[in-house]
Amino acid sequence: MVALYLKALHIIFVVTWFAGLFYIVRLFIYHTEAEELPEQEKTILQNQYKVMEKRLWYGITWPSLVLTLVFGLWLAEVSKLWVSPWFHAKMGLVVGLII
């Protein structure tokens, strides 16, 4: 029963982590597109995008990454996944994604 709750929390935080990764790219594109605007608009928008990027990265994306790892490793311990070859391959891919 505990494993089901851990799995649900793990999936929720994986989704929020990836949502943050995908949305940060969109904010970078908006930030770059603001370069072509008149100076006053450019300054206002770029300052706003900097705030949005910082809040997204440090308020959503990083905490989601940490909680994904916490609940994923906890789930692996509860479910005894440490011996599974798939688990080792998956962890290798996760480490590559983090790097």
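For the first exercise, Ala, Val, Leu, Ile, Met, Phe, Trp, Tyr, Cys and Pro count as nonpolar, Asp, Glu, Lys and Arg as charged, and the others, Gly among them, as polar. The model is predicted.

**Exercise 1. The largest pocket**

Describe the volume and the lining of the largest pocket.

Solution. Step 1: the volume of the largest pocket comes to about 350 Å³. Step 2: its lining consists of 18 residues, and those that lie nearest the centre are His10, Gly72, Lys90, Met91 and Val94. Step 3: two or more lining residues come from each of the helices α1 (2-33), α2 (39-79) and α3 (85-98). Step 4: sorted by class, the lining holds 13 nonpolar, 4 polar and 1 charged residues.

**Exercise 2. Val15**

Determine whether Val15 is buried or exposed, and state how far Val15 lies from Val70 in sequence and in space.

Solution. Step 1: Val15 is located in helix α1. Step 2: the relative accessible area of Val15 is 52%. Step 3: the cut-off for exposed is over 50%, so Val15 is exposed. Step 4: between Val15 and Val70 there are 55 residues of separation in sequence and 15 Å in space, taken C-alpha to C-alpha.

**Exercise 3. Phe71 and Trp74**

Classify the aromatic pair formed by Phe71 and Trp74, and assign each partner to an accessibility class.

Solution. Step 1: the structure contains 7 aromatic pairs. Step 2: in the pair of Phe71 and Trp74, the distance is 6.2 Å centre to centre and the angle between the planes is 15°. Step 3: planes under 30 degrees apart count as stacked, and the pair of Phe71 and Trp74 is stacked. Step 4: both residues belong to helix α2, where a spacing of 3 residues separates Phe71 and Trp74 by about one helical turn. Step 5: Phe71 has 13% relative accessibility and therefore counts as buried, whereas Trp74, at 44%, is partly exposed. Step 6: ring pairs also bring in Phe13, which is linked with Phe71 and Trp74 into a cluster.

**Exercise 4. Trp82 and Phe87**

Why is the pair of Trp82 and Phe87 classed as edge-to-face?

Solution. Step 1: the ring centres of Trp82 and Phe87 are 5.1 Å apart. Step 2: because their planes stand at 85°, the pair is edge-to-face, the cut-off being over 60 degrees. Step 3: Trp82 is partly exposed, with a relative accessible area of 37%, while Phe87 counts as buried at 9% relative accessibility.

Definitions and conventions
Residues are numbered from 1 along each chain as its sequence is written. This is a predicted model: local features need pLDDT of at least 70, side-chain atom pairs count only at pLDDT 80 or more; totals for chains, interfaces and linings use all residues. Side-chain values use heavy atoms; hydrogens and water are left out. On a 1 Å grid over the protein atoms alone, a cavity is a set of points where a 1.4 Å probe fits but cannot get out, and a pocket is an open set with protein on both sides within 12 Å along at least five of seven lines; lining residues have an atom within 4 Å of a point. Grid points are joined across faces, edges and corners, and a volume is the space filled by probe spheres set on the points. Helices (H or I, at least four residues) and strands (E, at least two) are DSSP runs, numbered from the N terminus. Buried means under 20% relative accessible area, exposed over 50%, partly exposed in between (1.4 Å probe, protein chains only). Rings of Phe, Tyr and Trp (its six-membered ring) pair if their centres lie within 6.5 Å; planes under 30 degrees apart count as stacked, over 60 as edge-to-face and the rest as tilted.
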